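Hi,

Here is the structure I promised to pass on. Have a look at it first, and then read my notes below.

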Amino acid sequence: MQWILTDIPLGRNIQEIRMKKNMTQTDVIAKLQLMGSIMSRSTLANIETGRRNIKASDLRLLKLIFNVDYEEFFRI
């Protein structure tokens, strides 16, 4: 999993998508938790800054929340 963080700015892409959707980290976490995720705001912040990786299940939920294709998360 470490290679994803090195090769692709996944966290930064998540942050950019979130900001384009005019959502705060708190907004995203509230929606994630309603969908069954246990992610905290500090975990999301660490993911966005590249200090932590994301679970595939949470990435799938972010795809639904943001209404984007997976390619948006993995662009270079």
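Let me start at the end of a helix: α5 is followed by asparagine 67, whose phi is positive, near 55°. Helices here (H or I, at least four residues) are DSSP runs, numbered from the N terminus.

Before going on, a word on the source: this is a predicted model, in which local features need pLDDT of at least 70 and side-chain atom pairs count only at pLDDT 80 or more, while totals for chains, interfaces and linings use all residues. Residues are numbered from 1 along each chain as its sequence is written, and side-chain values use heavy atoms, with hydrogens and water left out.

Back to asparagine 67, which sits in the loop between α5 and α6. With a relative accessible area of 66%, asparagine 67 is exposed. The terms work like this: buried means under 20% relative accessible area, exposed over 50%, and partly exposed in between (1.4 Å probe, protein chains only).

Asparagine 22 counts as exposed, at 68% relative accessibility. For background, most residues other than glycine have a negative phi.

Now for the helices themselves. Which residues of α5 (residues 56–66) are buried? They are Asp58, Leu59, Leu61, Leu62, Ile65 and Phe66. Those residues cover an arc of only 160° around the axis, which puts them on the same side of α5; the arc is that of the directions from the helix axis to the C-beta atoms. The cover over the buried residues of α5 includes α2 (10–20), α3 (25–34) and α6 (70–73).

In α2, the buried residues are Leu10, Gly11, Asn13, Ile14, Ile17 and Arg18. Seen down the axis of α2, they fall within an arc of 160°, so they line one face of the helix. Met19 and Lys20, on the other side of α2, are exposed.

Two loop residues are worth a click. Serine 37 is in the loop between α3 and α4, and counts as buried at 9% relative accessibility. The side chain of serine 37 reaches the backbone nitrogen of methionine 39 at 3.1 Å. Leaving aside neighbours within four places in sequence, serine 37 is in contact (heavy atoms within 4.5 Å) with Leu32, Asp58 and Leu61.

The other is threonine 49, in the loop between α4 (41–48) and α5. Its side chain makes a polar contact with the side chain of arginine 51 (3.1 Å). A polar contact is a pair of N or O atoms within 3.5 Å; within protein, one must be able to donate a hydrogen and the other to accept it, and residues adjacent in sequence count only if both atoms are side-chain atoms. The C-alpha atoms of threonine 49 and arginine 12 are separated by 6.6 Å, though these residues are 37 residues apart along the chain.

Last, the pocket. On a 1 Å grid over the protein atoms alone, a pocket is an open set of points where a 1.4 Å probe fits, with protein on both sides within 12 Å along at least five of seven lines; lining residues have an atom within 4 Å of a point. The largest pocket is lined by 14 residues, and Ile38, Met39, Thr43, Lys55 and Asp58 lie nearest its centre. α5 gives the largest share of that lining, three residues.

Cheers
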